[in-house]
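User: I am new to this structure. Please take a close look at one part of it and describe, in plain terms, how that part is put together and what can be set beside it.

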Amino acid sequence: MKRIEKKWSTLLGALLLALLLSSCGGTNSILKSGKPDLIYNTALEFYQKEKWSRASTLFEGAYHYYQGTPREDSILFFNARCKYKDRDYQTAVELLDQFRRRFGRSTFIEDAEGMHAMCYYFLSPGPKRDQTMTSQAIIAIAEFISHYPNSEQTPKFREINRELTERLHEKSYLNAYTYYKIGRYKSAITALKNSLKTYPDSKFREQIMYLIVASGYELAHNSIASKQADRYLSMMDSYVTFKYEFPESQYLKELDRYAKEAQDFRDKHGVENPEEEEQQEHLLEN
């Protein structure tokens, strides 16, 4: 008889809980119950059913009851994962950063660090926008790979790292190209050379080197007479380097025309440094 009563009591409790959860104020009622185990266990039920928003609300409500207890790390981790699954990456990354600093030995730490890196990845915008989050994602991914080189997630993170690095390359290229586009050729040359120095393996290397020559030509062509000779000479240096590295480039026909104009100018107005002229002629012949 007692077993039957206990069974009915359990079923009745489950039914009441189901009715409570299905009501509009179910979550709030559970939070107001003041029963830590009820709040925590219900949060887990929602979590297992992938009801991320409701689970997060309850985990947040349970957290202050369990601070300083063995459940604190799991509640913080589960709540962070709810935010992550609900695509609230900004909140998730903050919670995960807190988790990493406080629970470095938790059984959840590898998953937490993986999600932490992925949050920055999802927060990283396209190359036309500020790339602070991209840089943070690359750092977080590098830390994960360093800590867990044998993780099953590591190959995926290596691929993401390549994608994010290319995004930085493109951002650097676009920033420099903007100077060229608006006619600030001196600034363009500086920015393009810095981009090339920072990212020598950029997939935009050919375009960057082309723009250095083109910017040099425009700068010289539009300069006052007293500065043209030196600027044409500098342009020729960039041209020779480009032609050596990309002998089959689609840009060569255009750049050859710039080089001819520069050479004609120097032939007409003379060269202040004959040794540099001889060096240029030798490189062009080869």
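Analyst: Helix 11 and helix 12 cross in a left-handed manner. The model is a predicted one. Two packed helices are described by the angle between their axes and the distance between the axes. Here helix 11 covers residues 205–221 and helix 12 covers residues 225–245. Their axes come within 8 Å and cross at roughly 160°. Because an angle over 145 degrees counts as roughly antiparallel, helix 11 is roughly antiparallel to helix 12.

On the helix 11 side, the residues are Arg205, Glu206, Met209, Tyr210, Ile212, Val213, Gly216, Tyr217, Leu219, Ala220 and His221. They meet Gln228, Arg231, Tyr232, Met235, Ser238, Tyr239, Thr241, Phe242 and Glu245 of helix 12. Sorted by type, the residues of this contact are eleven nonpolar, five polar and four charged.

A second pair can be set beside this one. Helix 7 (residues 109–123) packs against helix 8 (residues 132–147) at an angle of about 155°, and the axes are 8 Å apart. Helix 7 and helix 8 are therefore roughly antiparallel to each other, and their crossing is left-handed. Helix 7 contributes Glu110, Glu113, Gly114, His116, Ala117, Tyr120, Tyr121 and Leu123 to the contact. From helix 8 come Met133, Gln136, Ala137, Ala140, Ile141, Phe144 and His147. This contact divides into nine nonpolar, four polar and two charged residues.

The loop between helix 6 and helix 7 holds Ser106. Ser106 has a relative accessible area of 9%, so it is buried. Leaving aside residues up to four places away in sequence, Ser106 touches Asp73 and Phe99.

The buried residues of helix 4 are Trp52, Ala55, Ser56, Leu58, Phe59, Gly61, Ala62, Tyr63 and Tyr66. Just after helix 4 comes Gly68, with a positive phi of about 85°.

How values were computed. Residues numbered from 1 in each chain as written. Predicted model: local features only at pLDDT ≥ 70, side-chain atom pairs only at ≥ 80, totals over all residues. Heavy atoms only, no water. Axes fitted to C-alpha atoms, helices over the stretch in contact; angles between N-to-C directions. Helix = DSSP H or I, 4+ residues; strand = E, 2+ residues; numbered from the N terminus. Parallel < 35°, antiparallel > 145°, perpendicular 65-115°, else oblique. Left-handed = near helix turned anticlockwise from the far one by under 90°. Contact = heavy atoms within 4.5 Å. Nonpolar A, V, L, I, M, F, W, Y, C, P; charged D, E, K, R; others polar. Buried < 20%, exposed > 50% of the residue type's maximum accessible area, 1.4 Å probe, protein only.
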